Structures are given as C-alpha cells and as structure tokens.
Amino acid sequence: MAEHVTLTINEKEVSVPARTLLVDAARLAGVEIPVFCSHPKLDPVGCCRMCLVEVDGPRGTAMMASCTMPVGDGMVVRTDTEQVRKVQEANLGFILLNHPLDCPICDKGGECPLQDQTMRFGQGISQLIEPKRLAKKHYDISDTIVLDQERCVLCWRCIRYLEEWEDKPQLGLFERGNDTIVDIQEGRPVDAKTSGNIIDLCPVGALTNRVSRFAYRPWEIERTPSICMHCSVGCNVRLDSRTHQLRRIVGRENMQVNDQWICDKGRFAHGWVNDEKRLAAPLLRKNGKLTQVQWSEALAYIAGKAAGIKEKYGADAIGAIGSGKISNEGNYALQRFMRGVIGTNNIDHRDGGDVAALPTGLPALAELMKPQYGPDPQVDTVLLFGVDPSEELPVLDLHLKRAILRGGVKLIIAHARKIELTRYEGPYLAYKPGEETQLIDSLTQAVQGTAETEGDSAARAAAGLLSESEKALIIYGPMAARGEGGPVVRLGLEQLAQAAGEGTRVAYVGLDGNAQGCRDMGVLPDRLPGQFPLDDAEAKARLERLWGCTLSGSPGYTYKQMLDSQEMRALFVNGANPAAESPDWAASLDDLDLLVVTDLLPTETAEKADVVLPAQGWAESDGTYTNLERRVQRAPKAVADPKSRAAPDWMIFTHLARQMGAAWPFTDVRSVTEEMTWAVPAYAGLNWEALGDQGRQWAAEAAPAPESTGRAAAGVPAGASEEADYPLSLVTGTVLYDSGTLFGLTEQMHGMAHGATVTLNPADAATFGVEAGSPVTVQSDQGQLEVTAAVDAQVQQGTAWIPESLPGAPVGALLNGSYTQRVRVERR
Amino acid sequence: MITEQMRQEIDEILARYPAGRERSGILPALYVIQREHGYCPVDAQDELAEILGIAPAEVGAVVGFYNMLHEEPKGEYHIEVCTNVPCMLRGGNRCLHNFETTLGIHHGERTEDGQFALDHMECLGSCGTAPMAIVTDQKSGQIRYFENLKSAADVEKAVDVLKSGNGFSSLERWTPEADPDNKGAADGPYLTGGMEPRYLMDRLNKPDSHKIATYEADGGYATARRTLEEIEPADMVDQIKESGIRGRGGAGFPTGVKWGFLPPETRPRYMVVNADESEPGTFKDRIIMEYDPHQLIEGIILSCHAIESEKAFIYIRGEYYFAYMRLEEALAEAAARGYVGENIFGSGKNLDIVLHRGAGAYECGEETAQLTSLEGYRGEPRLKPPFPAVEGLYAKPTIVNNVESICNVTHVMRHGVDWYKAYGTERSPGMRIFCLSGNVKRPGLYELPHATPLSELVNRYGGGPEDENHPIKAIVPGGLSMKLLTPDQFDTPLDYESVAEAGSLLGSAGVIAIDDRTSMVEVARRTLSFYREESCGKCTPCREGTAWLEKILLRIEEGQGLGKDLELMEYIADNIAGKSFCPFGEASVWGLQSNLLKFRGEFATQIESTNPDEIGPVLPIRPDYRPNTHEESGLRDSTFAPVGGNIVLHDDLVPGDD
C-alpha cells in the first residue's frame, strides 16, 4: 500500500498517495490546473510554467510549478487566487506572444488546448506591437507528420515521447534562447513506428497529420470508438468520419491494451477505406469476363453451383478460407456455413491449421505494461521466439521497450534476423529457418544443465536468464511454428518452459488483427468454435443443437492442403489472397469448378474467381475482434459508402445459407454476436453491450488444452548438394510497411514502403560480388525473383532476407507454398 | 567526415570520461570536427552520433545550443568583439565598428578571401582590458585574446598582426602596447592590486608563476601534502564549515555547508569545478587559471580529500583557451610529480582531474545546467531537488564549486581558520577578488577583505571616474545580473549582507561603474540583448520575456517608444522573475527593474524627446507569411541581424558616428 499524505487545495483537504505531483493531486481533488508541458504519460519537465500555483512554505507563500512538485503532508495550495490568475494570464501572454494565430487554417483549431486555455485563462489581447518571430511553417518531418515551428510552444511533449517511450530521440530542441525550435536533424526524418502519437500529444497545432491534413474540422466530424485491425494487438482507436468518409484515426486510451498509443500504420494507413478501387458490386464471370450483377443473381449462381458440386463430388470437395483480418461474426458465419450447410470441416485460414499454435495467446498485455507503471510485475523476463514486434506488433514493441527501460524486464531474442529489439542488452540467439528445434533443444539442455553449450555464450546467457527468472514469458509467432516442424517447436518451447521452472509461461501470438478470434470461431480444419477438437462430444452436441444439423467428424484440409490438393472442386476465399503466395496455387485455383472470392479490394485471387462478392470492411459494419490476449473488442460501424452495394460477411453467408435451404436466425449483426456467445462457451456473456468500449478478455481457463503432438519429423534439412547450388537460407516475414493493399493505398506513405529488396549480410554480399543497390536475381528450386540487393549486418551470414508482400516481388515465387527454401543470389 | 586520425583523437577524448558516459565528450569531440572542417558539418555530426551511440538529432541539438560550435564555415580567423555592457562602457561598439571598417565587412560576414569572419560576442571575461576581441584560428582551434583595442589604430594593428601570420605566435593575451614590432608578442597578466599582502593573487606577476617549480618554491602543495597525511576528511569539512567560506560564483552559499549535504554512503562522489566564468563584469577566475593554475589544483586536491572524491572535473568556459592550455600543462606537471593520479603524495588516495571545455553558453554557469552540459547534453537546467550534492553528475553525489572558492580552501588550510576569519565580517569572512570595470581610471582585479566600502574600491583602487567631468551615476556591484546601486549607496560595504541590505547582491563581485555619459536605456537594452541571447530557451517566461523586453528597448532607443512601455516592461519583468525554471529569470530582469526604478526619468526623457506624439511603430505587413520551407531559417544571430522587421537596429549606430 502506498503511503498517503494529506494536503489542502483551495481550502479543501485531500489525501493522495505520497509522491503524487501537485498537478495530479489537484486533478484528483477536482481542481483543474492549466498545463501545456505536463502530461500524465510523460516525465515532468516544468518548462511551460503554466501551472504555477501558490504554495505556503516555511519562507512564506511562493509560486511553484505544480507539475514538478510532489505533494507534501500539510501542504497548503491555492490555485484560484488573484495572483495565480494574473500569472496564468501573463504566461499565456508569453506563450501566445509569437504564435501566428492562424487558427482558421490550423487542423488543431476546435480541439486545441491552447485555444481553450486562452479562452479560459488568457488576457484576450496581445501587447506585442513589434513584428513576430518567424520560423519554418508546414514542413514535413516525416512522410506522415507536418511541423509548424511558429505554432510550437516548446512543451517538449513530442521530444519526450520519442525519448521516453520510443527510445528514439529523433526530435530535439535546436538553437537556443528565443530562437529555440523543435526540429529533426537535417536529412533524418522521424521514422519511429509509433511517431504519430506525438500529433495526439501536441497541445497546439505544431504537429499535424499529413495524411488527414485539411480533411476535417474537429466540430464537423463524427467520432466512433473503434479498434485497429492492422495487427493483433488490437489498439483502441477513434475513427473520425464525415460525409461517409473516414477522415482521420487517433489513439484512444485503453490501459489494458495500448495505453493511449497507436502505431503509424494504424493511424495513417486508412486510405484503402474510401479508395475508389473498392469492390462495390457483386461480379459474376460471364463469357470469361467478370461482370457486374445483382446480389440475387450472384448468390443464386453460387448456391446452385455449390449444391451441384456437393452432390457430384461430396461435401469434402468444397473448402473455405477465412481470414484473421475479418470479424468474429464474419468468420463465425463462414465456418457455420461450411460445417452446417455444406457439411465439411474444410475450413481454415492462413496461419491456421498449418501453424502449431496455443489456444490462449498472451496471458495479458497489461502484464507487459505493468512493470513500467508500478509494483507487482507479472513478467520479469521475455523470450521472443521468431517474433519481431517492431515490424509485426509495434505497440507490443513499445510496451516491451518501456518494460525493459523502466521495469527492468530482461529480454532474450531468438530470431532468424537480428531484429531491432536486439539493440537492448540481452542474448541474441540466431537460427536459420528450419533449425528452430535444434536451438530450442540446446537451450533446454543448457537450462537443465545436461549439456555444455560451449562456445555459444549467448545460449548460456539466455539459459542463465531463464533459470534465474521467476516469471518468464516465452512468446512465439507463426513464423517459428509453421508446417511439419511446428508441433515440434511448440512442444520444445513447452519443455523449455518446464525446464526453466514454475512461473515460466509460453504464449503464441498470431499476427493478423483477428488472428485469435479466427481460431476462437473455429476457422480451423480440426477445431470447432471454442477451439474444441472435432470429437469433443459436448461441443459437437451443443453446436448440432444450436445449428440444427449433424456435424462431420472427419478433419478437414488445412489452408495449405486445400490449395495443394487436386481434389478440391470449389473454394470460398474470404479476405485472403493465396494466388499471390505461390505460382502453383495460382494455377490450381484456375482448375476449380467454383471459386468464390469475398473481399474488399480486387486481388490476384479475385481475378481468377467465378464470383466476386464485395465485403464491408471493419469500419463499415459492426463487428467484434479478439486480440492477442483474448480481449474481445467492438468495432462499430463508422462509415458507409452510399454508392456501394458491399455487404458484411455474415450477411452474405446468411443469404447464401438461405439460398441453400438453411434457415439461419440472423436478423442483424447483434444476433450473430449473440449466437457466438452460445456457441463458444468462453465467450458466454460477451455480447455487444457487455463488451463496452474497452472490450473484455475471455478467461484462459475456458480454453481446451492444445493437442499434444508427439515428436514428428523436423523440418526438412537441406541436402549437401542443394547447399552448394543454393548457398543461402531464405528468411521471410512481415514488415510493417509492405506493399499490401491495406498499406499501399495510402499514397502519402509510399515513400516509407519497404523496397523490393533482398538483404544480405556484408560478408555474403562480398562473396557473391553484390553491392547495395545491385540488381540481382534470387533463385530457389521453386522459382525466381528479380529484386535489388541491400546489405545489412542485421541479416545473419548465410541467409537472405526478403519480406512478404513486397511491391512486384512476391517472395511466394521462391517459396511456392513451402516454409523454408534455400536460394542463391546473382547479379543481373 | 571523420577521418581515421580524427577518430583516434576522439576516442582518446572519450576515454577520459567514466565508462558508459562517453557522451560527456561530445563538446571536445565536436571541437575536433570543427577544427578539421571549420564548422560542424551534418554528416560528421551524424558520424559522431554513431560513435557515441546516440541519435543524430541529439548531436544536432547540442551543436545548435552552443555558441562556439558553428553550423556553417567561419573564416580562417574568426574575430569576435565583445559588446556586452562592461566593454560597451569603454567603447566596445566603436571597436566592433573599427573592425568592420578595417576588414571591410559587416559583422556576421566573412571577407571575400575567407580569411576573416567578424561577429559580435557576449562578455568574454576581459572587462578590465576593454574593448577587446577574441580571435579563433580555425586551423588549430586555438583562441587568443586581443585586448585594449581602444582606437582604430589598435584594431588595424591587431589585424596586421593576424595578417602577417604572427597572431598566434603566443596564446597569451595580446595588447597593442606590448607588441611594438607586430610580432604577436605576449602581454602578461592584467592589472591586479588591492591589500598587502595578497593571497589569492599573490603570485600572478612573478616570473613563471604558472610553473610547478615556482609554485612549490613559494610553499605550494605543502598544505595538500600535510592535510592528506594529517587531517581526516570529516575534520577538514568541519574546518571549512568553521571558516565560513562562501561560494564565489554568485549565490554565496557556504562551501562547507554544501559539502555537508553529501549523503554519507553513496559512491562515487564527484567534484566539479565551475570555471565557466561568464557573468558579465567578472574576470577573476581567468587570471588564476592563467597565471597560478597550481593554486587551483592544490585547492581541488584538498577539496576532493575533504569530500572523499576520486574524480574531479574542471568545467572551463570554451573561450578561455589560454587558461585551458595553462591548466592542462599544470595538470601534467602535477601528475608527473604524483600530486594527481594514483596514490597522490603517497597517501594511497587517487585523484583524477578531467579538464572539460565548454562551448559558449552562459547558462552553463548554473550548476545543474553545467552538469547537464558536462553529461553531453544541451546546457539546460534541471529540477531541484534533487540537489547536485545528492544527485548530480551521472546521478551521483556531486559538489560544484567556483574556482575562487576552491582557491580559498587552499589558503584556509594553509593559514588556518582563525587567520581567514580575521578578514571581512562575521558572516562574510575572508578576502575577495573584486573585478572592477566600466568607467573608472584603473579597471582591474583588486583583492580586498569583504566589507571594503564600494567607494574605496572605486576611488582609491580604481582611481575614480574615468573622466573627472563625468561622475559615476550607477554601479552594478556583483555582475550584470545584480541590481544597480546609485551614488547615495556608494559607501555600502562590499559584503553579502550589506549589499543585500542596499537592495542588490554581491554576486560574483563584478563591479561595473557607469558614468553619466552613458544612457541607461542603452545599458538596459544591452543587458537584455545579452539575456535574450543567453537564455537557454527551456522555459516560457525567460525565453519569450527577455526577447520581448529587448524588442521594446530597441524600439525606445530608435525613437518609437511609448509612454506605456515603462509599465509594460515592469509587467513583463515581474512575470519573468520568480516564474521561470531557474534563477536565470531573476538575473535577467533585476538590472532592468532597478534601472527602471532609479533612472525612470532617463527612459521617460528618451521617449518624450524622440517620440513626442506617441506614434507607434509601423508594423510591416508580414514580409514572408509562409517562408520557403526548404530554406534555412534566417533566425540565428540576432541583435545585429534584423529579425523580420525593418526597424533600424541600434547596433548599426556607433557613438560619434552619426
């Protein structure tokens, strides 16, 4: 229990925890003290001098800065006297002295603390009759942020955010005295992945959003509390819209999830929502051409065709691919359609059945946020295995950095690439794709002390940290647990946790925005909603009762199997684009009797479809999403395009089910959400109203245990001859700024996109006679890719790094559906 | 670009600082870069950031803060003329004008051949030998003081010496009278005097006074040797407390009491010697470091013994290059004799002394700002508490003491507490070096006991008014920040209590005499120009208020003053003093406040005589409402470069040059 002290603020006694700052104590007492520099999430600096109040001290009454002064027992504070008022007035006069007062053209106008405080505490006039100081206006400090130095009041919030949270001091004060300005180093734009938060923090219009510039006036927008779907952290955001268009996204506080921070992709990359390329009407292939048709025609066509195929080839000739990018409701309706209407378990999603996941995700994000905020941390050591939060989960990256810097959390990193977080002290364990299990085994042995891990000091250090730790958390991602080797990796990590002792936990995190929800909804070939095995009698009975049908007990095909198999006759693809992933898959999609693609935008897969159905995105229809710590959160409808005939996924499949003779009871999305809470026991009670605007976590105890897989064959080791031909091991993975459609349609961010490059270690580059910028061909025995070479020591020797979804360079051409490949790189 | 050779030099510099604190070496490392390139190019800044493991913006921010680090090339010889009040009173503006005429360029410019660049500069610690300029030799990074540049001929002579290549034949200060043959010959220490015998300034004029041999011959280091052997640290702290030495930097805080604040357990402890003498009107520490550096080093050894510190830093202002060289030499001598380093005087104790050059920032004289600067950041002040004695340099207990304070320690330990207390008063014991400048006949340094009457200092030692026909009308008793005293207060004894009673403060004992030829409006304007220039920019009132006051004063000087300006200035000053982050706020307006109070008539007359109809300034239509964002901001040097407006700046008008 924190000690409390009692003080008097404006003749009123208040008791607050010791060491509380006066400004916060006043807030607790319901007294507002105006501030600019002070911010509850940033360290006090005391530079704006707006918060001066009268404090009685041993040497009489003094004006003290309440944002830097901790409370003291018996302190007497007054914030409402004539003197305080006059000082506030004078200080605002100073702050506004050289302010350009260009509020009419300032994006901040209408929601500007400087405006508000001027109205409440200001003088109303300026006594300056000399010319104002000039500085740089509207110049870009990055592709997404515009700085206006004349509006800046030098509160240091942006500087402190980048320093204290991002640990990337890319903004600083330059010059001195009256000429002091906030600026970047020449030629070094801000590139921190969550830099946009400084726009939210700025108390004036100095930092504005370049993507949303001049696109809104604060008093004209509708604000919808929502969540971000770019990754599985599930940051809380607010969608600001006007005239059916999404104008801006800002962060929304949720102390269980994202604090109040969001990443730049989540904030800025929303150009796709209102893009004119959006699918707006159903398309049916007629005479080889996709032709716009009515919904009724499209649905009748699909129903007739699907029924025919089912009759001719059986239900298991039909499959469906769901998506971690679409809502629980959409995924639930899709799998109910497949299981209840078609009658097959051929339902999966990318990173679904092919990945050896664990059912419950992270214990809680708050456990990683806790160390930075206070006592009783639940995690003291984090092992990241095959996850790169900086690129994949940027706000988790932020939490981790803060936990390391402020909470003393120790970090161990095992990754095929020397990821950005390796800049923190802690062992880095390198491996090549396919060698995960060897690394885990040696680590486990080192922890158990059964083997000498001579020579590898990093492994020794990691083992030491794990053994010492009392509350370690091992986090692994899909990259480390795909394919046949996946279950071995999962088992290995569980054994490692066991060896490290009680208190060590293993968590799997998916990457897509609704990766967890997708699993929870049973978009898996071997799992029913609630992640129950197909043969779980109770779950089966419950669903059969609920759906009024009989469920197939035979496991379906996984994502990869459906695409590899030659037996599939019909495929429903929702929010996925397998054609871009593998040339073989692209070819086999052509052979299907029926390909139905439901998506937001045209894709390579949609081009091959017989029917393309336009879906509504997360901003356009109500839906729930489950983040990586099992928090079910609402994303209400925020915008609607009156010209579009797109429909939400659940509605499409409800109509399709009706066309095929099933009578589903769904009248609106709430009724789908409601049924989910019955179908998935862990979601019991989590209906729309109960979720509120901060979401609710489902209890981890409600999850069935993961199947325990025996030790199966490890990843296919490369043969010696192969090694000579293909000397490099291909490393791939997700980067934040790829060329995926959800990012690429925000044109302001084009400069930030990862180039079409293969990155090599300097030593390898020298061996193959390649320099940064050389045009090269990357060749595997599956295919080849023409890209530009880059050289970086962060890429380990013997590997070649090509991220997924690069512009014009699908790494799938090399992988062709496999998970590991060896490649060679040659100059073109 | 940082070459291999530069890299080696930088690595050596960084190695002087504790492991993991290499960032502290950022200023000396930037000096290396500047010496090679003539300025600090952005790519070299970025490379340095890489070496230090910090972000490029952090280096850029530091370069922008310090006056002596340049973002664009200066000349082969960079001439900076002091125009601050003490120099102004003795013709600093005319001196600048003479340089402009001689070189054929305006200040802020560079000669076509790139040989000379000319700038104005704030107080350079040469107030007794005004007017003066410093010259930086870009190729070597050396700086030399050129003093007593009274006439155009003196300035021409100085430029000739530089042109002939003899400008840096010595680093000791140059005066026209000491260099008849234009060979760049050195002049010795400037005028010192006072009581007999003197202690702090006893040795300055002896031949080779800066050498360890002469210092030891005069009994130097015996006190340190004896004290380390015989006196326990705690006892020594008690003795210093007993002696009542008060800080000579400005605040006058009792040195021994400060030492007593150190938390007993935490180690390491650091000693930081504040040699960033920058208060206009103060030039005492400079001469000690130049001509008697061992006196300071012995003081450091003694002080570190008392506070049980094994690492001391001397933070010396960047312009004091000669003093820096002398200290470096002296430290090497002391190290050679085993007086600093390991096992000093065979006592088993260690003491490492790091000499650290600042880079031109008045604010770094404030102790917390100095520590921030020493850690390698912009010299911005920190929150107190924690006080440095508890959490200072690198968040460790740190004592920051002024050079003269430390020298006093040497003499207290040598002669005893009772001897010391026999001088001065009960609460202001000991002797003091008074820095006398401005309109007196013999400006210089005078060592006198505390409580010597101001009039005695000015008349008996200083020789009275510079011109008998022009009596002194105001005196600043303790450095430019302090409030003015008027003739009725000239008998005030110069001790802390009496000066405070007279409504001012003794401060750094920089006594500036102002005679009736000088406009008090000009004094006020020049004072505010200084504070506007030197404000660190951290907090609102000081950053905005000082510049606003300067603008108003400039306007009054130019004949566009309004009657209400006086109240407005008082209003602004009231809202800076006591409202800012650090004491700089008070310091910046005390002078103006007392000036407005005591010489209000002069301001009123100036306004009434130049602007009888109270016509306000013509506001220019914003010349460039949206400046081209791709161009560099033109807002750097300021007083002399018009800031956006078309008002005629005072500085282009030189007295007698209508």
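Predicted model: local features only at pLDDT ≥ 70, side-chain atom pairs only at ≥ 80, totals over all residues.
**Stop 1: a residue and its neighbours**

Leaving aside residues up to four places away in sequence, B:Ile433 touches B:Leu200, B:Met201, B:Lys284, B:Glu404, B:Leu445, B:Glu447 and B:Ala509. Now colour strand 12 of chain B, residues 431–438; B:Ile433 lies in that strand.

Is B:Ile433 buried or exposed? Count the other C-beta atoms within 10 Å: there are 25. A residue with 20 or more counts as buried, so B:Ile433 is buried.

B:Ile433 and B:Asp574 are 141 residues apart in sequence. From C-alpha to C-alpha, B:Ile433 and B:Asp574 are 32 Å apart in space.

**Stop 2: a sheet in chain B**

Stay in chain B and show the strands in the order 9-10-8-7-11. They form an open sheet of five strands with mixed pairing. Strands of a sheet pair through backbone hydrogen bonds, either parallel or antiparallel.

Which strands stand at the edges? Pick strand 9 (341–344) and strand 11 (398–402) of chain B. Each has a single partner strand, so one side of each is left without a neighbour in the sheet. Turn the view and follow the twist, which averages 25 degrees from one strand to the next.

Zoom in on strand 7 of chain B, residues 270–275. Strand 7 runs parallel to strand 11 of chain B, and five bridges join them. Click B:Val273; opposite stands B:Asn401, in strand 11 of chain B.

Then select helix 15 of chain B, residues 367–374. Helix 15 lies across strand 7, strand 8 (311–316), strand 10 (349–357) and strand 11 of chain B. Its direction is at about 110 degrees to strand 7 of chain B.

**Stop 3: two helices in chain A**

Move to chain A. Select helix 8 (residues 328–342) and helix 20 (residues 649–659) of chain A. Their axes come within 7 Å and cross at roughly 20 degrees. Angles under 35 degrees count as roughly parallel, and these two helices of chain A are therefore roughly parallel to each other. The crossing is left-handed.

Show the side chains at the contact. Helix 8 of chain A brings residues including A:Leu334 and A:Phe337. Helix 20 of chain A brings, among them, A:Trp650 and A:Phe653. The residues of this contact divide into eight nonpolar, two polar and two charged.

**Stop 4: where the chains meet**

Show both chains. The contact takes 43 residues from chain A and 50 residues from chain B. Which helix of chain A gives the most to its side? Helix 2 of chain A does, with five residues. By class, the side of chain A that touches chain B has 20 nonpolar, twelve polar and eleven charged residues.

How values were computed. Residues numbered from 1 in each chain as written. Chains lettered and ligands numbered in written order. Contact = placed C-beta atoms within 7 Å. Helix = DSSP H or I, 4+ residues; strand = E, 2+ residues; numbered from the N terminus. Nonpolar A, V, L, I, M, F, W, Y, C, P; charged D, E, K, R; others polar. Pairing = 2+ DSSP bridges. Axes fitted to C-alpha atoms, helices over the stretch in contact; angles between N-to-C directions. Buried ≥ 20, exposed ≤ 12 C-beta atoms within 10 Å, placed from the backbone. Parallel < 35°, antiparallel > 145°, perpendicular 65-115°, else oblique. Left-handed = near helix turned anticlockwise from the far one by under 90°.
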